[in-house]
Amino acid sequence: MHPISTPGRPTADPRTSGPRTPRLRASSRLRRTTAALGLNAVLVGVLVGVPAAAAERRADLTPPVVTADEVMPHLDVLQRIADRSGGNRAHGTRGYRDSVAYVKAVLDRAGFRTTLHRFTHDGATSYNLLADWPGGDPEHVVFAGAHLDSVADGPGINDNGSGSAALLATALEVSKAGLRPDRHLRFAWWGAEEVGLVGSSAYVRDLPAAERERIDVYLNVDMAGTRNSGRWLVVHDDTAAAEAFEGYFAARNLPTIGIGIGGSDHVSFGDVGIPVGGFATGIDECTHAACDRVENVDPQTETISTNAVISTVWQLAARR
Ligand SMILES: [Zn+2]
């Protein structure tokens, strides 16, 4: 499901038509600069007598920046899973189960506490994948999710392998940074979104009221790499989340459109009064079709989207 139709026009694929774009090269430079700054912060802390922990905390506040090489390989894996599973990763199929197994294995290796939340729909058992990053205030949870299932008609690599990969890359950056957030961080990959937000609504339904109360904000990403989208559709509900996403895009002169709550798994959270945020890059002619393959995802858009998620998660995790 998706909030708004975004028609586009064809352009060259940056992965096949030439060298990497300057923007992507700039990202890796930024990444090295960020790493150097982090080191300097620790050194300065030592020199001026600031406790090392405090210096590290400041370094924590600078979000990392990923390149396409840290995001797109996850989409290649999801494409291969679909290719060997009848061309899709839909609810109740091997393609969905293999998708969950892949994401779970990556997260387990990175030190996340993963759990499977089981639900049944239309005679088929399925699972939402939850991943908690150890630490942070459990009374204040920053929660980010994306649906991992596809429709039956196609592999669903932009809808929503792209959001799933953006979240997975974000989780891996949390792990690499050894982030010690003020608020607790939880990620989710939802099942059975395409058949009516089934996985996320089952999760919210099964969540005790006290657990719902602990969720400060839920962020959703459903389609992050649409070709020729040229704009990001930002959910306007939780003010801090909307400001973080819009601030990220505005700082890079990337256009946004404000949208209400609708179209994807954040509805399940919004319906019970949990503040929500997130964004989408909009549908195109391959959405819900067999051509929603990895070639249908624009690496540059996908990378920008991923960095927007990283930046926002860093910002919200540090705020209480
Ligand atoms: Zn979707």
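**View A. Asp122 is exposed, with a relative accessible area of 71%, in the loop between strand 1 (113-121) and strand 2.** The model shown is predicted: local features need a pLDDT of at least 70 and side-chain atom pairs count only at pLDDT 80 or more, whereas totals for chains, interfaces and linings use all residues. Residues are numbered from 1 along each chain as its sequence is written, and side-chain values use heavy atoms, with hydrogens and water left out. Accessibility is given as buried (under 20% relative accessible area), exposed (over 50%) or partly exposed (in between), using a 1.4 Å probe and protein chains only. Helices (H or I, at least four residues) and strands (E, at least two) are DSSP runs numbered from the N terminus. Phi of Asp122 is near 55 degrees, a positive value in a residue other than glycine. Asn253, in the loop between helix 8 and strand 7, also has a phi near 55 degrees, and it is exposed, with a relative accessible area of 72%. For context, most residues other than glycine have a negative phi, and most peptide bonds are trans.

**View B. The zinc ion is held by donors from His147, Asp159 and Asp222.** The arrangement is irregular, because the four donor atoms subtend angles of 56 to 149 degrees around the zinc ion. By the criteria used, four donors are tetrahedral if all angles lie between 85 and 135 degrees, four are square planar and six octahedral if opposite donors are over 155 degrees apart and all others between 65 and 115, and anything else is irregular. Along the chain, the donors follow the spacing H-x11-D-x62-D. His147 belongs to strand 3 (residues 137-147) and Asp159 to helix 5 (residues 157-177), so this pair ties together parts that are twelve residues apart in sequence. His147 is buried, with a relative accessible area of 0%, and Asp159 is buried as well, at 1%.

**View C. Helix 5 contains Asn160 and Ser162.** The peptide bond leading from Asp159 to Asn160 is cis, with omega near 10 degrees. Ser162 is buried, with a relative accessible area of 0%. Setting aside residues up to four places away in sequence, Ser162 touches Leu75, Ile157, Met223, Ala224, Gly225 and Glu302, where contact means heavy atoms within 4.5 Å.

**View D. Strand 4 (residues 183-190) is largely enclosed by the rest of the structure, because eight of its eight residues are buried.** Strand 2 (residues 124-133) runs antiparallel to strand 4 and is joined to it by five bridges, with Trp133 paired to Leu185; strands are taken to pair if DSSP finds at least two bridges between them. Strand 3 runs parallel to strand 4, joined by eight bridges, and Gly145 has Ala188 as its bridge partner in strand 4. From strand 3 the chain crosses through helix 5 to strand 4 in a right-handed β-α-β crossover, meaning that, with the strands pointing away from the viewer, the path from the first strand over the helix to the second runs clockwise.

**View E. Strand 6 (residues 232-235) sends Trp232 and Val234 one way and Leu233 and Val235 the other, and all are buried.** Strand 6 and strand 7 (residues 256-259) pair in the parallel sense over four bridges, in which Val234 is the partner of Gly258. Strand 8 (residues 276-280) runs antiparallel to strand 6, with two bridges between them, and there Ala280 stands opposite Leu233. Strand 6, helix 8 (residues 239-251) and strand 7 form a right-handed β-α-β unit. Ile257, in strand 7, is partly exposed, with a relative accessible area of 27%.

**View F. Phe112 is among the residues with the most contacts inside the largest nonpolar core, which has 57 residues.** A nonpolar core is a set of buried Ala, Val, Leu, Ile, Met, Phe, Trp, Tyr and Cys residues joined through side-chain atoms within 4.5 Å. Not counting residues up to four places away in sequence, Phe112 touches several residues, including Leu107, Trp133, Val174 and Phe187. A second, separate core of 16 residues includes Leu130, Leu207, Leu233 and Ile259.

Methods: Donors = N, O, S within 2.8 Å, 3.2 Å for Na, K, Ca; no water.
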